[in-house]
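Biologist: Could you walk me through reading a structure like this one, feature by feature?

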Amino acid sequence: MAHYIGALDQGTTSTRFMIFDRAGHEIGRHQLEHQQIQPRPGWVEHDPAEIWENTLKTIAVALADTGLAPEDLAAIGITNQRETAVLWDRATGEPVAPAIVWQDTRTDYLVARLDASFVQDRTGLPPATYFSATKIQWLLEEIPGLRARAENGEVLFGTVDSWLIWNLTGGRHLTDVTNASRTMLMSLDTLDWDDELLALFGIPRAMLPEIRSSGEIYGTADAALPGVPIAATLGDQQAALFGQTCFEPGEAKCTYGTGGFLLMNTGTTPVRSSHGLITTVGYRFGDEKPVFALEGSIAACGSAIQWLRDQVGLFDTSEESESLAETVDDSDGVCFVPAFSGLYAPYWRPDARGAIVGLSRFHTAAHITRAALEAISYQTRDVVEAMAQDTGTSLDCLQVDGGVTANALCMQLQSDILGVPVSRPVVAETTALGAAYAAGLSIGFWKSLDELRANRHEDRRWQPSWTAERRTEGITRWRAAIDRTLDWVSVS
């Protein structure tokens, strides 16, 4: 009898395969980074073939390291970076272009032409380069002959989950409702591709995958795990919401990875935001009613630290950012706004660009690094405030997960800047755990949501230490820094 569930977690910077037991404990993992291709300013691409190769390697190594065989896995779940657009040839299975990543801003001129109220009313999404539709539109317009091939059904589109399912199953073209809800092509009312939106972006229906629920059998992963069912797929942030066991309306989590993503479960009725948030599908099992969420998406969290490491060279490893920032008591008035791809929620300003302000000859690498950690926390506070305005409820504790939560100083700053406790679970990689939970629940490996909730255990809790006066002073300075990043590039 199979005693484990696998999770394929394909993220913005890496791919990992993780294995969990019935108690939700991690049994094994293997992880590989893939290349971040930036051919021009504002362009961010991935090689879909490299992602697929890494997928096969991570599964094989994780099994070998744990001494397990495919038959030891009852099922696998897939979770993925959302919005990133992959186009491939139906006959050969080869990508027809590099994947355009969610961070890419090349389509800002296409977004500027859109009727914002129509798009947001239909999809729950404010028009932005973030989402998939204009990426597909750009590829169809820029690559000669591609549109005709797409209209004939010869070229397929998918978010990364679809690309992986296609390759794992030998050609099934599917996605789930959470990923579809991030394309700007799906109606929140029907949970299906919308003909008016397809016409607006000039995207042929023939190239789109079939939309399924988040938890059901998609096929078997025969290319890597013969006979093992793929029993769930969710976008990464919805998977983290599920992994944090936020099953009741009003429960929320924040995931800190390349970007930052705060999601609140709003139940089976979508809540339309009037304060800069996204209305999205949280998850859906089988024919049950979908569960919706409000989301605040932040473009740059961990990527701000990576930028200081890789492009600026302030330290050699991301872990060193904590020890360097701890050498000073505060940022001494420095603000770092990492608007590399513009500002996402709640501002939605594609014209913004990154800035470090407040510098003097006194300031050091430590002050700038600490300002980067503070920026992660201030951006999150902006989203928390917008969510409180939309829902009329305030958080009494923020549940956090993701790689950045290993930085204890950053999490302390988050508690200080929010003014509420911050709680990290034992399994901080709840994106993968959520995919595993969804797959296991779909096949009866776990019997109920209560069983999953019982698996959650707190690893650490941070309590706020700042005075109200210090918090207000910091927020005021942060807002002034935000103002200085606006109107930096033209998007007309």
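Modeller: Gladly; we will go through the annotated sites, the aromatic pairs and a pocket in turn.

Modeller: First, the ground rules: this is a predicted model, in which local features need pLDDT of at least 70, side-chain atom pairs count only at pLDDT 80 or more, and totals for chains, interfaces and linings use all residues. Residues are numbered from 1 along each chain as its sequence is written, and side-chain values use heavy atoms, with hydrogens and water left out.

Biologist: Which residues does UniProt place under "binding site"?

Modeller: UniProt positions are given in the numbering used here, with shortened feature names, and annotations may be inferred rather than shown by experiment. The unreviewed entry puts "binding site" at Thr12, Thr13, Ser14, Thr258, Gly302, Gln306 and Gly403. They span 392 residues in sequence, yet no two of their C-alpha atoms are more than 13.5 Å apart, so they gather at one spot. The UniProt record also lists residues 4–243 as "domain: Carbohydrate kinase FGGY N-terminal", again in an unreviewed entry.

Biologist: Where does Thr12 lie, and is Thr12 buried or exposed?

Modeller: Helices (H or I, at least four residues) and strands (E, at least two) are DSSP runs numbered from the N terminus. Thr12 sits in the loop between strand E1 (4–10) and strand E2 (14–20). Buried means under 20% relative accessible area, exposed over 50%, and partly exposed in between, with a 1.4 Å probe and protein chains only. Thr12 has 8% relative accessibility, so Thr12 counts as buried. For contacts (heavy atoms within 4.5 Å), leaving out residues up to four places away in sequence, Thr12 touches His34, Gln36, His46, Gln81, Val101, Trp102, Gln103 and Thr258.

Biologist: What is Gly302 in contact with?

Modeller: Gly302 belongs to helix H10 (residues 302–312) and is buried, at a relative accessible area of 10%. Apart from neighbours within four places in sequence, Gly302 contacts Gly257, Thr258 and Val404.

Biologist: How many aromatic pairs does the structure hold?

Modeller: A pair of aromatic rings is described by the distance of the centres and the angle of the planes. Rings of Phe, Tyr and Trp (its six-membered ring) pair if their centres lie within 6.5 Å; planes under 30 degrees apart count as stacked, over 60 as edge-to-face and the rest as tilted. The structure has 21 such pairs. Trp307 and Phe340 make a tilted one, with 5.3 Å between centres and 45 degrees between planes. Trp307 is in helix H10 and Phe340 in the loop between strand E17 (335–337) and strand E18 (355–357), so this pair ties together parts that are 33 residues apart in sequence. Trp307 is partly exposed at 27% relative accessibility, and Phe340 is partly exposed at 30%.

Biologist: What about Tyr437 and Trp446?

Modeller: That pair is edge-to-face, at 5.0 Å centre to centre and 85 degrees between the planes, and both residues are buried. Ring pairs also join Trp102, Tyr130, Phe131, Phe261, Tyr344 and Trp348 into a cluster.

Biologist: Which residues are closest to the centre of the second largest pocket?

Modeller: On a 1 Å grid over the protein atoms alone, a pocket is an open set of points where a 1.4 Å probe fits, with protein on both sides within 12 Å along at least five of seven lines; lining residues have an atom within 4 Å of a point. The second largest pocket has a volume of about 230 Å³, the space filled by probe spheres set on points joined across faces, edges and corners. Its lining has 17 residues, and Val111, Pro127, Ala128, Trp348 and Pro350 are the closest to the centre.
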